[in-house]
Amino acid sequence: MKYLIVDRDRERWFRYKVWALDTIIVISVLGYVWLGINIVRMWLPEHGTIVYNCSIAEIHPDYTTAMRRACREQFKKETK
């Protein structure tokens, strides 16, 4: 009569190894997503902040006098 010998410790180790690899992959993907969101947030303006393109303020008719004045002051600060 032949017997089938099963190494249960090896089976448990293999299951643990696969589970650990899946966990590492999930944590890595979540980390990359979190990093990507934070990198994108660096370039976005803060909530409630108004951003004007001052390069066209002098020639564009939609810019008000106050906006043009603010752009001129900003330009003066940058050139000092």
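A disulfide is a pair of cysteine sulfur atoms within 2.5 Å. It is a covalent bond between the sulfur atoms of two cysteines. The model shown here is predicted.

**The disulfide**

How many disulfides does a search of the whole structure find? The search finds one. Cysteine 54 and cysteine 71 form the pair, with an S to S distance of 2.2 Å. The torsion about their S-S bond is about -70°, so this disulfide is left-handed. Where do the two partners lie? Cysteine 54 lies in the loop between α1 (8-43) and α2 (65-79), while cysteine 71 belongs to helix α2. The pair therefore ties together parts that are 17 residues apart in sequence.

Is cysteine 71 buried or exposed? Its relative accessibility is 8%, so cysteine 71 counts as buried. The cut-off for that class is under 20%. Cysteine 54 is partly exposed, with a relative accessible area of 35%.

**The chain as a whole**

The secondary structure is quickly told: two helices and zero strands. The chain has 80 residues, and buried residues make up 5% of them. Cysteine 71 is one of the buried residues. The chain exposes about 8300 Å². Carbon and sulfur atoms supply 63% of that area.

**The loop and helix α2**

The loop that holds cysteine 54 also holds glutamate 58. By the rule used here, the count of salt bridges comes to one. Which residues form it? Glutamate 58 pairs with arginine 72, and their closest N and O atoms are 3.0 Å apart. Glutamate 58 sits in the loop between α1 and α2, and arginine 72 sits in helix α2, so this pair ties together parts that are 14 residues apart in sequence. Glutamate 58 is partly exposed, at 45% relative accessible area. Arginine 72 is partly exposed too, at 43%.

Isoleucine 56 is also placed in the loop between α1 and α2. At 30% relative accessibility, isoleucine 56 counts as partly exposed. How far apart are isoleucine 56 and cysteine 71 in space? They are 9.7 Å apart, C-alpha to C-alpha, and 15 residues apart in sequence.

Threonine 79 belongs to helix α2. A polar atom of the threonine 79 side chain lies 3.1 Å from the backbone oxygen of lysine 76. Threonine 79 counts as exposed, at 52% relative accessibility. The exposed class starts over 50%.

Here are the distances for three of these pairs.

| Pair | What is compared | Distance |
|---|---|---|
| Cysteine 54 and cysteine 71 | S to S | 2.2 Å |
| Glutamate 58 and arginine 72 | closest N and O atoms | 3.0 Å |
| Isoleucine 56 and cysteine 71 | C-alpha to C-alpha | 9.7 Å |

**A nonpolar patch**

Which residues make the nonpolar surface patch of about 800 Å²? They are Tyr32, Trp34, Leu35, Ile39, Met42 and Trp43. Leucine 35 is found in helix α1. At 42% relative accessibility, leucine 35 counts as partly exposed.

**In brief**

The chain has two helices and zero strands. A disulfide joins cysteine 54 to cysteine 71. A salt bridge joins glutamate 58 to arginine 72. Each of these two pairs links the loop between α1 and α2 with helix α2.

How values were computed. Residues are numbered from 1 along each chain as its sequence is written. This is a predicted model: local features need pLDDT of at least 70, side-chain atom pairs count only at pLDDT 80 or more; totals for chains, interfaces and linings use all residues. Side-chain values use heavy atoms; hydrogens and water are left out. Helices (H or I, at least four residues) and strands (E, at least two) are DSSP runs, numbered from the N terminus. Buried means under 20% relative accessible area, exposed over 50%, partly exposed in between (1.4 Å probe, protein chains only). Accessible areas come from the Shrake-Rupley method with a 1.4 Å probe; for residues, only the protein chains shown count as cover. Patches are made of residues with over 30% relative accessible area and no salt bridge: like charges are joined within 9 Å, nonpolar side chains (Val, Leu, Ile, Met, Phe, Trp, Tyr) within 5 Å. A salt bridge is a side-chain nitrogen of Lys or Arg within 4 Å of a carboxyl oxygen of Asp or Glu. A polar contact is a pair of N or O atoms within 3.5 Å; within protein, one must be able to donate a hydrogen and the other to accept it, and residues adjacent in sequence count only if both atoms are side-chain atoms.
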